[in-house]
Amino acid sequence: MGRYRKILHLDLDAFFCAVEELFNPALKGKAFAVGGSPDGRGVVASCSYPARKFGIHSAMPMSRAVRQCPGLIVVHSSFGNYSHKSAEVMAILNNLTPLVEQVSIDEAFCDMTDLSQPSVDIARMVQREINEKTQLPCSIGAASNKLIAKIANNIGKKSVKSGTYPNAIKWVPNGEEKVFLAPLPVEELWGVGKKTTAVLHGLGIRTIGQLANYPLSLLQARFGKMGVDLHERANGRHDSPVHDAPETAKSISQEITFETDVLDEKTLRRTIQHQADRVGFRLRKAGLAGNVVRIKLRWGDFTTLTRQIKTDEPLNQDARINEYAQKLFDNIWLKDPRPIRLIGVGVNVIEAEGEQLSLLSSAHQREDSLMRALDEIRVKYGKSSLKRAVDLDE
């Protein structure tokens with residue numbers, strides 16, 4: 001029996017409005033819309049939750065929105081701020097997994113299968129980090145595939161009636177996909193727009209459960225190949241992977257904020273080892289290497305320290321990254337051993353891997369070949385398929 005995936009769908013709630021409130025707190029609690037001028041053909045890009053009470057919604061002509069909501073504040077888009085805050089969120093996701101598929105500026109899928117915690121706990125951790133580090137609200141759907149995670153997020157947000165940012169989490173446990181979908185209207189399903197909804201209604205199909213139980217042969221006769229796809233989705237089956245974008249960052253890093261401050265040196269060193277493994281994997285996967293290894297520590301009082309060291313040659317091997325990171329840790333820990341809140345390891349990228357292989361010694365090239373073989377095993381069978389000796393007592 002294969003293991004199930006842990007997929008998250010993350011959506012930043014009313015993203016443009018949330019960012020505008022960060023830079024102009026006077027907007028909080030006000031009915032406002034982000035978009036073009038009401039004097040021309042401007043449309044609403046996003047609107048605050050108080051504005052939604054007046055029926056304002058995205059893609060509505062701004063001139064109509066102003067008439068419909070007396071006193072509506074119109075805010076022109078601040079794309080530079082949106083891009084900056086979006087990058088902050090995506091960096092948090094990429095620190096947790098290399099499998100991040102950014103769908104838009106405010107939406108992404110993440111494959112968190114390699115993390116040991118239950119999906120709902122991972123979702124809570126991600127939401128907490130984004131709330132705390134970016135001051136942005138976000139809603140998350142968690143499930144065993146992208147389809148269910150996306151729908152779960154939509155349903156989770158709709159279930160919050162607070163009149164403000166939902167900041168919701170909706171988890172569908174593995175095996176309960178079909179039960180979750182059954183009572184929902186067919187238009188909640190991917191690929192079911194207004195025209196398809198009308199056709200399904202004409203067949204007496206109004207819920208996803210009814211679609212799942214409808215004879216497949218009749219769906220094929222009416223919709224062709226799309227009928228098979230609709231039937232599969234209605235039964236909660238969707239195998240599309242999370243398509244991670246190629247790494248283009250100038251550095252690749254991995255960090256973790258502990259639930260409680262950690263003083264145990266063995267735990268800290270083991271964490272550094274795991275982070276070095278993950279950074280090495282991401283470097284090799286992206287065809288990159290770097291010549292600066294850095295470590296980041298944050299204590300309970302939020303004091304943060306970063307130290308780095310330049311290596312003799314480009315590297316992307318786990319063991320060498322760990323070797324340098326442990327040395328950097330030694331220099332800090334031996335002088336000031338106190339409880340640590342956050343720890344991270346990173347490597348500054350300098351060039352494409354193919355350009356630097358000739359600079360590596362034969363021993364390091366052999367190690368690179370070994371790491372690639374181990375990477376293939378981890379990708380095929382999961383991160384937990386291989387463990388270091390130091391982890392066998394966990």
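## The largest cavity

About 40 Å³ of space lies in the largest cavity, a set of points on a 1 Å grid over the protein atoms alone where a 1.4 Å probe fits but cannot get out. Searching the whole structure turns up one cavity of 30 Å³ or more. Its lining (residues with an atom within 4 Å of a point) is made up of Ile92, Asn95, Leu96, Glu129, Lys133, Glu255, Ile256 and Thr257. Helix H4 (79-96), H5 and strand E9 (251-262) each give two or more residues to that lining. Helices (at least four residues) and strands (at least two) are DSSP runs, numbered from the N terminus.

This is a predicted model, in which local features need pLDDT of at least 70 and side-chain atom pairs pLDDT 80 or more, while totals for chains, interfaces and linings use all residues. Residues are numbered from 1 along each chain, and side-chain values use heavy atoms, without hydrogens and water.

## Around methionine 112

Let's turn to one residue. Methionine 112 sits in the loop between strand E6 (107-111) and helix H5 (119-134).

## Helix H6

Ten of the 13 residues of H6 are buried, so this helix is largely enclosed by the rest of the structure. Among the buried ones are Leu147, Ile148 and Ile151. At the helix start, a side-chain oxygen of asparagine 145 comes within 3.1 Å of the backbone nitrogen of leucine 147.

Technical notes. 1 Å grid on protein atoms, 1.4 Å probe; cavity = no way out; pocket = protein on both sides within 12 Å on 5 of 7 lines; lining within 4 Å. Points joined across faces, edges and corners; volume = space filled by probe spheres on them. Buried < 20%, exposed > 50% of the residue type's maximum accessible area, 1.4 Å probe, protein only. Polar contact = N/O pair within 3.5 Å; in protein donor to acceptor, adjacent residues only side chain to side chain.
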